[in-house]
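Subject: Structure handover, with notes on rings and charges

Hello,

Here is the structure you are taking over.

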Amino acid sequence: NISGGGLGLSVLNRLIPDTCTVSTPVVINLFMFNFREKTFKPYWYAGEVRTLEEGRPGFTRMGIEFTATASADRNTGRLDWINL
C-alpha cells in the first residue's frame, strides 16, 4: 500500500530488528516498472516508522511516513536528497 505520503508494509516478525520502533528512521529503495520505457526505475525514499501493529499471524503491519526522496546523480552515483 503506497501513497504520496507513505507506505504500508506487512513484514515477517523475524525480519524486524529489536531496535525498530515508532520514530525509527528508514531508507527504502523501490524498483517500479515503467511501461513507457519498458524498464524498472529506482525510487529512493527516507522516512520514519509511524505505526507497528500486529497483523496476520507471524506478521507486523508497519506504517512508514515519507520524509525525503532522492535520485542518483548520473555522474557520481551519489544520492541527491530532497526533503518533503
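This is a predicted model: local features need pLDDT of at least 70, side-chain atom pairs count only at pLDDT 80 or more; totals for chains, interfaces and linings use all residues.

Aromatic rings

The count comes to 3 aromatic pairs. In one of them, the ring centres of phenylalanine 33 and phenylalanine 35 are 4.9 Å apart and the planes stand at 80°, so this pair is edge-to-face. Planes have to be over 60 degrees apart for that label. Phenylalanine 33 belongs to strand S2, which covers residues 25-34. Its relative accessibility is 36%, so phenylalanine 33 counts as partly exposed. Phenylalanine 35 has 65% relative accessibility and therefore counts as exposed.

Another pair joins tyrosine 45 and phenylalanine 66: the centres are 4.3 Å apart and the planes are at 20°, so these rings are stacked. This pair links distant parts of the chain, with tyrosine 45 in strand S3 (residues 39-54) and phenylalanine 66 in strand S4 (residues 59-72), 21 residues apart. Tyrosine 45 and phenylalanine 66 are both buried.

Phe33 and Phe35 also belong to one aromatic cluster together with Phe40.

Arginine 56 has its charged end over the ring of phenylalanine 59, 4.1 Å from the ring centre.

Salt bridges

How many salt bridges does a search of the whole structure find? The search finds 3.

One of them is between the side chains of lysine 41 and glutamate 37, with an N to O distance of 3.6 Å. The cut-off for a salt bridge is 4 Å, so this pair is counted. Lysine 41 has a relative accessible area of 27% and is partly exposed. Glutamate 37 is partly exposed as well, at 46%.

Arginine 50 takes part in a network of salt bridges with Glu48 and Glu65. Between glutamate 48 and arginine 50, the closest N and O atoms are 2.9 Å apart. Between glutamate 65 and arginine 50, the corresponding distance is 2.6 Å.

Arginine 50 counts as partly exposed at 38% relative accessibility, and glutamate 65 counts as partly exposed at 34%.

Threonine 67

Threonine 67 is another residue of strand S4. Its relative accessible area is 29%, so threonine 67 is partly exposed. Which residues does threonine 67 contact, leaving aside its neighbours within four places in sequence? They are Ala46, Gly47, Glu48, Asn83 and Leu84. Glutamate 48, already mentioned for its salt bridge with arginine 50, is 19 residues from threonine 67 in sequence, while the two C-alpha atoms are 7.2 Å apart in space.

In brief

Regards

Key
Residues are numbered from 1 along each chain as its sequence is written. Side-chain values use heavy atoms; hydrogens and water are left out. Rings of Phe, Tyr and Trp (its six-membered ring) pair if their centres lie within 6.5 Å; planes under 30 degrees apart count as stacked, over 60 as edge-to-face and the rest as tilted. Buried means under 20% relative accessible area, exposed over 50%, partly exposed in between (1.4 Å probe, protein chains only). Helices (H or I, at least four residues) and strands (E, at least two) are DSSP runs, numbered from the N terminus. A charge sits over a ring if NZ of Lys or CZ of Arg is within 6 Å of the ring centre and within 35 degrees of the ring normal. Contact means heavy atoms within 4.5 Å.
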